[in-house]
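The sequence and structure come first.

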Amino acid sequence: MAAQLRAARRPGRALAALALAAAGGLLAAATVGSGPAGAAGTTLRDLAEAKGSYFGTALTQSNLSSSTITAIAGTQFDMVTPGNEMKWDTTESSAGNFNFGPGDQIVSFAKAHSMRVRGHTLVWHSQLPNWVSSLPTAQVQAAMENHITTEATHYKGQVYSWDVVNEPFNEDGSLRTDAFTNAMGSGYIADALRTAHAADPNAKLYLNDYNIEGLGAKSDAMYQLVSSLKQQGVPIDGVGFESHFIVGQVPSTLKANIQRFTALGVNVAITELDDRMPVPASAANLAQQATDYAYVVNSCLAVSGCVGVSQWGVGDPDSWIPGFFSGYGAATMYDDNYQPKAAYNAAVTALGGSTSSPSPSSSSSASPSPSSSPSSSPSVPPTGAACKVSTQVSAWNTGLTENVTVTNTGGSAVNGWKLAFTLPGGQSVTNAWNATVSPATGQVSAVNLAYNAAIPAGGSTTFGFQANHTGNAAAAAGFTLNGVSCTAG
Ligand code: G3I
């Protein structure tokens, strides 16, 4: 669908996007062109906003201390969902004692980067403190209403939306039994929505769940619930499809399902997208993941009531998947070194942008990410950079130290780097600083540490190593940065 048509159909959001972009000021100036760890000349947020949509991510408090994660989050995404910081166990761990500090930090980050916030979540059976589940049933409603009112009032005007009730259904479509249904039956959902609306009338109010993305018993149950709530005049604005997918298993009925919900007069948001696969990731699965991401983004863009897509986390290292699904990972658009994967390129393309690499849906996208095969050109995604490398060797009879300075001579920042090079014969690395260097001999790679992952355009970073040698103490040679050859200098 043409961008203009979508913008015309969504005048409110298009204007909001323009206002956000204007309010972005410096940020907008920084992201037009090339954002960190992104394709040249585009960012997910710019492309989404041009279509009156958004592209979001989840962030936790600990993510905020990673400059790599925040650099990507603040430039590529324009919506933030706190991963844990607005949940009941954080915000009211004991009755009546509220702690909004962690959530406030996420909101501050969002404001500083002209991002909106999806509040997550007010009422959920999980991450619910014991004191709530231990209450006599007669006291649960008052506790729930007080929790919703206090939290939604605190964040009034600061959140775009609330996941008011999270994951209310079992897989067969029956209502989950928890403290809330025990106390109030199914009526707790309408009560929660009304209470949230009274506290923050401008926040968009959502019900959010997983395994409701395709047609089926669970999504039917959500559909019936939303239909009934609308008929009763209960304030509900949207349904969140969490979208924790397994590669190659995205439901083919996703778009039809989005359409039937929007036909009820509510919005749909893809709220927690990821697409897991067995690790180590195969090239075929990474290519399928790109196809899956394109399909999800396209399905949302195709329906005017689908307001945007959020990924759950920024990159594979901060994803929840490996901790919850043993043997699975690689579920996001950014790889272990926070380099964009084929899925990122696919999302960019689906949003109407272009990348300088081959189409993610072509067979070339099956090539490994540059981090796993930095010298496998020509089919790597466009994550390399123009670079220049200087070396400085101090040698003695059987050993040497070598400092290597790599300068980013490209026009955009590098976020996450892997410098591959050849060690002269007989040299063997014994230790390194400011990078992880392996293997010890031959074709060697130096990978950034967390603190020095970013090299701004025109900037440089230095790492070094000590090596044994057997007579040839020459400097390393043949440097490539993220798969792109560097000049000497
Ligand atoms: O805070 C404690 C810490 O004190 C303790 O040392 C540590 C030991 O395990 O646990 C920490 O709590 C963890 C918490 O995240 C904060 O990091 C919990 O164990 C862990 O279970 C919890 O996981 C969260 C999960 O929700 C809980 O269900 C994930 O981070 C979070 O990403 C995930 O998010 C959910 C959405 O809210 C709803 N949809 C599904 C999605 C993925 O599960």
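## Disulfides

The disulfide of C387 and C486 is left-handed, because the torsion about its S-S bond is about -90°. This pair ties together distant parts of the chain, 99 residues apart. C387 belongs to strand β11 (residues 387–395), while C486 sits in the loop between β21 (484–485) and β22 (487–488). Both C387 and C486 are buried. The model is a predicted one.

The count of disulfides comes to 2. The other link joins C300 to C306, and with -100° about the S-S bond the link of C300 and C306 is left-handed. Buried means under 20% relative accessible area. C300, at 3% relative accessibility, therefore counts as buried. C306 has a relative accessible area of 1%, so C306 is buried too. With the bonded cysteines numbered in sequence order, the pairing reads 1-2, 3-4.

| Disulfide | S to S distance | Torsion about S-S |
|---|---|---|
| C300 and C306 | 2.1 Å | -100° |
| C387 and C486 | 2.0 Å | about -90° |

## The largest pocket

How much space lies in the largest pocket? The figure is about 580 Å³. Its lining is made up of 28 residues, and those nearest the centre of the pocket are K87, W124, W312, W320 and F324. By class, the lining residues divide into 13 polar, 8 nonpolar and 7 charged. Three strands, β1 (55–59), β3 (116–124) and β8 (267–278), each supply at least two residues of this lining.

## Around the ligand

The ligand is surrounded by 14 residues. Which of them are closest? They are K87, H120, E167, E272 and W312.

A nitrogen atom of the ligand lies 2.9 Å from a polar side-chain atom of E167. For E242, an N or O atom in the side chain is 2.9 Å from a nitrogen atom of the ligand. With W312 the ligand atom is an oxygen, 2.9 Å from an N or O atom of the W312 side chain.

Note on methods:
Residues are numbered from 1 along each chain as its sequence is written. This is a predicted model: local features need pLDDT of at least 70, side-chain atom pairs count only at pLDDT 80 or more; totals for chains, interfaces and linings use all residues. Side-chain values use heavy atoms; hydrogens and water are left out. On a 1 Å grid over the protein atoms alone, a cavity is a set of points where a 1.4 Å probe fits but cannot get out, and a pocket is an open set with protein on both sides within 12 Å along at least five of seven lines; lining residues have an atom within 4 Å of a point. Grid points are joined across faces, edges and corners, and a volume is the space filled by probe spheres set on the points. Helices (H or I, at least four residues) and strands (E, at least two) are DSSP runs, numbered from the N terminus. Ala, Val, Leu, Ile, Met, Phe, Trp, Tyr, Cys and Pro count as nonpolar, Asp, Glu, Lys and Arg as charged, and the others, Gly among them, as polar. A disulfide is a pair of cysteine sulfur atoms within 2.5 Å. Buried means under 20% relative accessible area, exposed over 50%, partly exposed in between (1.4 Å probe, protein chains only). A residue is near a molecule or strand if one of its heavy atoms lies within 4 Å of it. A polar contact is a pair of N or O atoms within 3.5 Å; within protein, one must be able to donate a hydrogen and the other to accept it, and residues adjacent in sequence count only if both atoms are side-chain atoms.
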